[in-house]
Amino acid sequence: MSPIRYRGRHRKPSRASTLIRGGVLSGVVGTVAVTGAAAPAHAAEDPVETTAELRALNEILSASTSEAAQATESYADLAGLRHEHADAERRAFTTAHRAAAELRAEEEAQAEAEAEAARLEAEAQEAAAAREAEEAAASRSAERSTLAAASSPAATESAPAPASGSAAAVISFVQSQLGDAYVMGATGPDAWDCSSLVQAAYASAGISLPRTSQPQSTSGTQVSLSNLQPGDILYWGSAGSAYHVAIYVGGGQFIGAQNSSTGVVQRDMEWDTPTGAVRVL
C-alpha cells in the first residue's frame with residue numbers, strides 16, 4: 001500500500017469546519033487506536049503501511065492543530081474588537097451625557113441671568129416712575145404756592161377788611177361749626193358736607209342758596225382770587241360744575257367741610273388753592 005499524503009489546498013477554516021474536523025480527527029484517532037488494539041498481528045505483519053498511515057495521521061493532526069489555533073486567534077481578535085467597540089460606545093455615551101448636562105447648566109444660567117436682568121430693569125422703571133411722580137407732585141405744590149402767593153389778599157393788602165353785616169353772620173356761623181364731622185349728604189347740626197355747610201351759613205344771614213356745589217359756584221358774581229372779601233364762596237373745579245365749595249373768612253384763610261378725615265376745618269389757601277370765587281353779599 002502506498003503512503004497517504006495530504007494534498008488539499010490550505011485555506012482558513014470556519015469555526016464550524018474546525019469543529020467538524022476536530023470531531024473527524026477524534027474519530028480517526030479513536031479508530032486507529034481501536035484498530036491497533038484489535039489487530040496487533042496485522043501491524044506486525046505490515047510495519048511499512050502502518051508507519052505511512054501514522055505519518056499521514058500526524059500531518060492531519062498538525063494541519064488541524066494549526067487551523068484550530070488560527071480559529072482560536074480569530075475568535076480572540078473578534079472578542080477583542082467587540083470589547084473595544086463596547087468601550088467606545090460607553091465612552092461616547094459618557095461624553096454625550098456630560099455635554100448634555102453642561103448644555104443644560106449653561107441654559108439654566110442664561111435663563112437666571114435674563115430673569116435677573118428683567119427684575120433689575122423692572123425695579124429701575126419703578127424707581128424712575130416714583131421719581132417722576134414725586135417731581136410732578138413737587139411741581140404742582142410749587143405752582144399752587146406761587147398762585148396762592150400771587151392771589152392771596154395778604155399779598156396785595158396790608159390787612160384784610162373786617163367782615164360786617166351779613167358777611168359777619170356767615171363767617172360766625174362757619175366758625176361755630178369747626179370740628180364738626182364731614183358726612184356726604186349730611187345737613188347738620190353736627191355733621192355736614194361742603195355745600196350743606198355753605199347753604200346753612202348763608203341761611204343764617206337770611207340768604208337762600210342752592211343745595212349743591214355746582215349751582216352754588218354760579219349763584220353770585222364771579223370775582224378774582226386776588227380781590228376776595230370775607231364771606232365770598234370759594235369753589236374748586238369749573239364754574240357750574242364745581243366739586244367742592246368753602247367760605248373765605250379773610251387773611252388768606254377759608255373754612256369748609258373738607259372730607260371725612262378732617263371734618264370742618266380752617267385752612268390757608270396755600271393748603272389747597274381754589275379755582276375761583278363768587279360774591280353773593
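This is a predicted model: local features need pLDDT of at least 70, side-chain atom pairs count only at pLDDT 80 or more; totals for chains, interfaces and linings use all residues.
Student: In what order do the six strands of the open sheet come?
Tutor: Strands here are DSSP runs (E, at least two residues; helices are H or I, at least four), numbered from the N terminus. Two of them pair if DSSP finds at least two bridges between them. The pairing in this open sheet is antiparallel, and the order is β3-β8-β4-β5-β6-β7.

Student: Which strands stand at the edges?
Tutor: Look for a strand with a single partner, so that one side is left without a neighbour in the sheet. That picks out β3 (221-223) and β7.

Student: How many bridges join β6 to β7?
Tutor: Strand β6 covers residues 253-259, and β7 covers 263-268. They form a hairpin with three residues between them, and N259 has G263 as its bridge partner in β7. The two run antiparallel, and the number of bridges is six.

Student: On the β5 side, which turn residue has a positive phi?
Tutor: Strand β5 (residues 244-250) is joined to β6 by three bridges, with G250 partnered by Q253. This hairpin has two residues between its strands, and the one in the turn with a phi of about 65° is G251.

Student: Is β6 mostly covered or mostly uncovered?
Tutor: Buried means under 20% relative accessible area, exposed over 50%, and partly exposed in between, using a 1.4 Å probe and protein chains only. Five of the seven residues in β6 are buried, making the strand mostly covered.

Student: Which residues have the most contacts inside the largest nonpolar core?
Tutor: Such a core is a set of buried Ala, Val, Leu, Ile, Met, Phe, Trp, Tyr and Cys residues joined through side-chain atoms within 4.5 Å. The largest one has 23 residues, and those with the most contacts inside it are V174, I233 and I247.

Student: And which element gives the most to this core?
Tutor: At least two residues each come from α5, α6, β4, β5 and β6. With six residues, the top contributor is α6.

Notes: Residues are numbered from 1 along each chain as its sequence is written. Side-chain values use heavy atoms; hydrogens and water are left out.
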